[in-house]
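Which residues form its core, and what surrounds its pockets?

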Amino acid sequence: MTPVDALDTMVLMGLDDEAKETRELIATRLSFDKDLDVKHFEVVIRLLGGLLSAYQLTGDERLLKLAEDLGTRMLPAFDTPTGLPYVNINLRTGKGSGTDSNPAEAGTLLLEYGTLSRLTGNPVYYAKAKRALVETFKRRSKLDLVGERFDAITGKWTSTSSHIGARIDSYYEYLWKCWRLFDDKDCLAMWTPSVAAANRYYAEEVDGALWSGQVDMRTGKRTGHEYGALDAFYPGLLAYSGDIDRARRLQASSFAMWKLHGIEPEAYDYRKRRITAAGYPLRPEIVESTWYLYRLTGDPKYRAMGRTLFEDFVRHCRTEAGYAAIKDVTTMEQADEMESFVMAETFKYFYLLFAPPQTLDLDKAVLNTEAHPLQRTKHAK
C-alpha cells in the first residue's frame, strides 16, 4: 500500500528517479489476486485513488489496468439491499462482510470509482458509488444531519451522534468535491443543505473562538464539545467551497489546539480545555487546511503557520528510520508506527504549501481524501 500511496507525491515533488523505480515496482509486482479481506473504504481511497492519480500523472497504462482490476474485484461490496457497501470485501472471492458502517465509508467513494468510469468508459463504477452516496444522504434527519453509524443491510442508524469528525468527515468533503470534479448537480444539491445544517448545528462559540462539536442528528441537541485532529480538515473544505471567513476562524482554533503542546492531540474538549485523546498518528488535516487557506487567500500568515507546523512535526516525530507517531503529545513519547497516509497526505500538503502554485492546478484537479489528485476528464471514448 505504501508505494502506491507515495507515488504521486514523488511525482509532484520532482523525485523522478524514485518515482520511476516505484512505478516499476508497482507495475511488475503488485497483484490483487489474493484471498484477503480488505477494508473497502481504505483500499478505495489509498490504492484505487493512488493508482488512478499516478496513471493520470504518468500515462503508464499498467497503472490503469491495475486500477480497473482492483475496481472490478471490489464492486460486489455494493451488493446489499440498500446499496450501502459492506465494510470489507474479499479481493479473490468478492464476498462482502461487515455491516456496521458509517457515512464516511459509504460516501467517500465517488471520486475514485467515478474517475475509473471516466477513464475506462464503464459507467457501472460511477453508478454504484453514487448510489451509496445518495442512499446515505436520503437517510438524513429532518434537520439535514446524518448520524455516526448505520447498518449497511437495513440502512437503519445505530448511532445518531452527528459532527464533522471520524466516521462522517469525508462524507461532507465528497459532496462538494464530486460537484467540483464531475459537475454533478446532484452532488451540489446534496451539499448545499448538508453544509448549511453542519454550520448551524455543530458550530459553537467559546470565549470568542469558533469550534465544532457534537449534536444529535434528530434533535440538534448538543451532546459533546470535542474537536480534534480529524475535524481540522473542515476549515480547508469551507475555504475550498467559498466560505473563507468561517474557515479562517475555525483554522485559528485548530492552530490554537496544536500550539497547546507543539503537536495537536487526537481529541480536545474545548469547553473544559482538556485533552481527551492524547495521541498524534501523524495526521495531515491541519496542514491540508493551512494549504487551502494559503492557496485561496494568498495570506502569508498561513505559510508562517505552516512553517510552525512543519518545524514542530520534524522536531517531535522524526527518527532515523522515518517519522514516528506520538503516543502522547503531553510527553512526546514516540510510537513505532508510521501510516501510509503520511506519504500520501502529510508530506504532500507540507510540500504544496511552499511549492509554486503551478505544481498543482486546483482548477484542473481535485484531491481525494487521501490527497491523490484526480484530473477533470471527459467521458471516455
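The model is predicted, and local features require pLDDT of at least 70, side-chain atom pairs pLDDT 80 or more, while totals for chains, interfaces and linings use all residues. Numbering starts from 1 along each chain as its sequence is written, and side-chain values use heavy atoms, without hydrogens or water.

The largest nonpolar core contains 119 residues; such a core is a set of buried Ala, Val, Leu, Ile, Met, Phe, Trp, Tyr and Cys residues joined through side-chain atoms within 4.5 Å. Buried denotes under 20% relative accessible area, exposed over 50%, and partly exposed in between, with a 1.4 Å probe and protein chains only. Helix H3 (residues 40-58) gives the most to this core, 10 residues. Helices (H or I, at least four residues) and strands (E, at least two) are DSSP runs numbered from the N terminus. Tyr113 is among the residues with the most contacts inside the core. Beyond four places in sequence, Tyr113 touches residues including His40, Val44, Leu48 and Met74, contact being heavy atoms within 4.5 Å.

Cys178 belongs to helix H8 (residues 169-182) and is buried, with a relative accessible area of 0%. Its contacts outside four places in sequence are Leu110, Leu111, Asp183, Asp184 and Cys187.

Asp60 occupies the loop between H3 and helix H4 (61-74) and is also buried, at 8% relative accessible area. Asp60 touches Arg23 and Tyr55, apart from residues up to four places away in sequence. The C-alpha atoms of Asp60 and Arg23 are separated by 8.6 Å, across 37 residues of chain.

The largest pocket holds about 570 Å³ of space. A pocket is an open set of points on a 1 Å grid over the protein atoms alone, where a 1.4 Å probe fits, with protein on both sides within 12 Å along at least five of seven lines; lining residues have an atom within 4 Å of a point. Points are joined across faces, edges and corners, and the volume is the space filled by probe spheres set on them. Of its 29 lining residues, Phe41, Glu42, Asp169, Leu230 and Arg283 are closest to the centre. H3 supplies the largest share of this lining, 4 residues. The lining divides into 10 nonpolar, 4 polar and 15 charged residues, where Ala, Val, Leu, Ile, Met, Phe, Trp, Tyr, Cys and Pro count as nonpolar, Asp, Glu, Lys and Arg as charged, and the others, Gly among them, as polar.
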